Amino acid sequence: MEFTHKRTIQITASLLLLLAITQAVFTALYSGGISFSRQYAWGFEATIFTVLVAFASTAMVQAKEAQLGWSAIAFSAVLNIVQVSIGLTLFSTFGQVAGAVEGTKPLIGGVVSLSFMIYYTAKLLLGLAAVVFGLSFLAKGGKVIGGLTAIAGTVAMLANTILIIFGRDGFLPSGVAGASGMIATLLLAICLIKLNRKSD
């Protein structure tokens, strides 16, 4: 199978759509107090992010326009791999140390804060990608989806910028960053699918 530019875009959009859906499901399970394996959930996400890096970076190299958007998607995926890896490997380890050794509780706090900083940065980049492709689709006549995607991307960028600057204990709840980023990712995926079809 040849990975043409159109096919690469289609796969990238499908991966983004899958990520948005899985994050929505995991959030719903967590909010509902339903237990699930973080190892499997985060491991599954890390796998998707890894594949997304390859396809988004390929699309960036192949693209004749909107390279900024492709770059934002690719680098957000790289950051998400790092963030998920920290959660999978360090949360439990540092948690055990903090629970067993007196005076080491700040260790897990620092690791969690690092993970969230990377998380917010990745969401900011996805918001930027949503703005880039939303405006691109808007210019090509896709007023509703293009406009919504650009607005959602702007909100995600602003929310995550605030949390990066003021921290997750600031005046904006951390959930706003995750929710806005998830919505922006969903609309970005839909926008990319429609843009890809328009190029036929």
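In this predicted model, helix α1 passes helix α7 in a left-handed crossing. The axes of α1 and α7 come within 8 Å and cross at roughly 155°. Because angles over 145 degrees count as roughly antiparallel, α1 is roughly antiparallel to α7. Two packed helices are described by the angle between their axes and the distance between the axes.

Residues from both helices meet at this crossing. On the α1 side they include Ile 9, Ala 13, Leu 16 and Ala 20, and on the α7 side they include Thr 185, Leu 188, Ala 189 and Leu 192. Leaving aside neighbours within four places in sequence, Leu 16 is in contact with Leu 52, Ile 73, Leu 126, Thr 185, Leu 188, Ala 189 and Leu 192.

Leu 16 also belongs to the largest nonpolar core, which has 36 residues. Leu 16, Leu 52, Trp 70, Ile 73, Phe 133, Leu 188 and Leu 192 touch the most other members of this core. Each helix in the table supplies at least two residues of the core.

| Helix | Residues |
|---|---|
| α1 | 5-31 |
| α2 | 38-62 |
| α3 | 67-89 |
| α5 | 105-139 |
| α6 | 143-166 |
| α7 | 174-198 |

The largest share, eight residues, comes from α7. A second, separate core of six residues includes Tyr 119, Tyr 120, Leu 163 and Ala 177.

Helix α3 has 23 residues. From its first C-alpha to its last, α3 reaches 33 Å, close to the 33 Å expected at 1.5 Å a residue. Among the buried residues of α3 are Trp 70 and Ile 73, along with Ser 76, Asn 80 and Gln 83.

Note on methods. Residues numbered from 1 in each chain as written. Predicted model: local features only at pLDDT ≥ 70, side-chain atom pairs only at ≥ 80, totals over all residues. Heavy atoms only, no water. Core = buried A, V, L, I, M, F, W, Y, C linked by side-chain atoms within 4.5 Å. Buried < 20%, exposed > 50% of the residue type's maximum accessible area, 1.4 Å probe, protein only. Helix = DSSP H or I, 4+ residues; strand = E, 2+ residues; numbered from the N terminus. Contact = heavy atoms within 4.5 Å. Expected span 1.5 Å × (residues − 1). Axes fitted to C-alpha atoms, helices over the stretch in contact; angles between N-to-C directions. Parallel < 35°, antiparallel > 145°, perpendicular 65-115°, else oblique. Left-handed = near helix turned anticlockwise from the far one by under 90°.
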